[in-house]
Amino acid sequence: MIKKRKKKSYTSVYALGQYISMSAHKARRVIDQIRGRSYEEALMILELMPYRGCYPIFKLVYSAAANASHNKGFKETNLVISKAEVNQGNTVKKLKPRARGRSYPIKRSTCHITIVLEDISFYQQYEEYLMYLKKTGCSNENRNLTCYDRYSSGGLWDKK
């Protein structure tokens, strides 16, 4: 099997929970509510939702934020849940003894949950830098950076 190498992302941190004893369908119901939200907002949602699957997901989100602050030095106020996915894990099969020597199968499903947090302060600084370039007329003498407005000055796609 060929594995693709992921590009190193300097703005994202993840936490992975494996073999959590819950069906993947029930975990996805909770994960869909917090995907794309900020870290603090996701914690509030997970605390107030009445589902059993909220607690392990709450622990994973909290763990991913701890990884971000300890390993990369990110602030928790700038973190956003950029990717949250649930994959199906192994199914534990047991036999429960029943009457008259029969047995009854019990299937306990598990799932693997991945939470990826991303620091948005990098993108905000990047947008501020772009705004600075626009204010100065898109030219920076120190870097020899010149921007041309190709949409209104007879550029590539100007067909009026």
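Select helix 3 and the residues around it: the buried residues of helix 3 pack against strand 1 (12-20), helix 1 (24-34), helix 2 (39-48), strand 2 (79-97) and strand 3 (103-119). Packing here rests on contact, meaning heavy atoms within 4.5 Å. Helices (H or I, at least four residues) and strands (E, at least two) are DSSP runs, numbered from the N terminus. The model is predicted: local features need pLDDT of at least 70, side-chain atom pairs count only at pLDDT 80 or more, and totals for chains, interfaces and linings use all residues. Residues are numbered from 1 along each chain as its sequence is written, and side-chain values use heavy atoms, with hydrogens and water left out.

**Helix 3**

Colour C54, P56, I57, L60, V61, A64, A65 and A68, which are the buried residues of helix 3. Buried means under 20% relative accessible area, exposed over 50%, and partly exposed in between (1.4 Å probe, protein chains only). The end C-alpha atoms of helix 3 are 26 Å apart, which agrees with the 27 Å that its 19 residues should span at 1.5 Å a residue. The expected span of a helix is 1.5 Å times one less than its number of residues.

Next, select F58 and Y62, which form a stacked aromatic pair with 6.5 Å centre to centre and 15° between the planes. Rings of Phe, Tyr and Trp (its six-membered ring) pair if their centres lie within 6.5 Å; planes under 30 degrees apart count as stacked, over 60 as edge-to-face and the rest as tilted. A search of the whole structure finds one aromatic pair. F58 and Y62 are four residues apart in helix 3 (residues 54-72), and therefore about one helical turn separates them. An α-helix has 3.6 residues a turn, so residues three or four places apart point the same way.

Move along to N67, which also lies in helix 3. N67 counts as partly exposed because its relative accessibility is 24%. Leaving aside residues up to four places away in sequence, N67 touches V13, Y14, A15 and K72. The C-alpha atoms of N67 and A15 are separated by 7.7 Å, although the two residues are 52 residues apart along the chain. After helix 3 comes G73, with a positive phi near 75°.

**The strands**

Show strand 1 and strand 3, which run antiparallel and are joined by seven bridges. Two strands pair if DSSP finds at least two bridges between them. Select I20 to find its bridge partner in strand 3, C111. Y19 lies in strand 1, and its phi is positive, near 55°, in a residue other than glycine. Most residues other than glycine have a negative phi, and most peptide bonds are trans.

The hairpin of strand 2 and strand 3 has five residues between the strands. In that loop lies R100, which is not a glycine and yet has a positive phi of about 60°. R100 is exposed, with a relative accessible area of 76%.

**Charges over rings**

Two arginines come next. R29 lies over the face of Y51, at 4.1 Å from the ring centre. The charged end of R98 sits over the ring of Y104, 5.4 Å from its centre. A charge sits over a ring if NZ of Lys or CZ of Arg is within 6 Å of the ring centre and within 35 degrees of the ring normal.

**Helix 4**

Select S121, found in helix 4 (residues 121-135). S121 counts as buried because its relative accessibility is 17%. The side chain of S121 makes a polar contact of 2.9 Å with the side chain of D119. A polar contact is a pair of N or O atoms within 3.5 Å; within protein, one must be able to donate a hydrogen and the other to accept it, and residues adjacent in sequence count only if both atoms are side-chain atoms.

**The whole chain**

The secondary structure comes to four helices and five strands, and from the N terminus on the elements run β-α-α-α-β-β-α-β-β. Of the 160 residues of the protein, 30% count as buried. Among contacts with a separation of 6 or more, residues 24 or more positions apart account for 67%.
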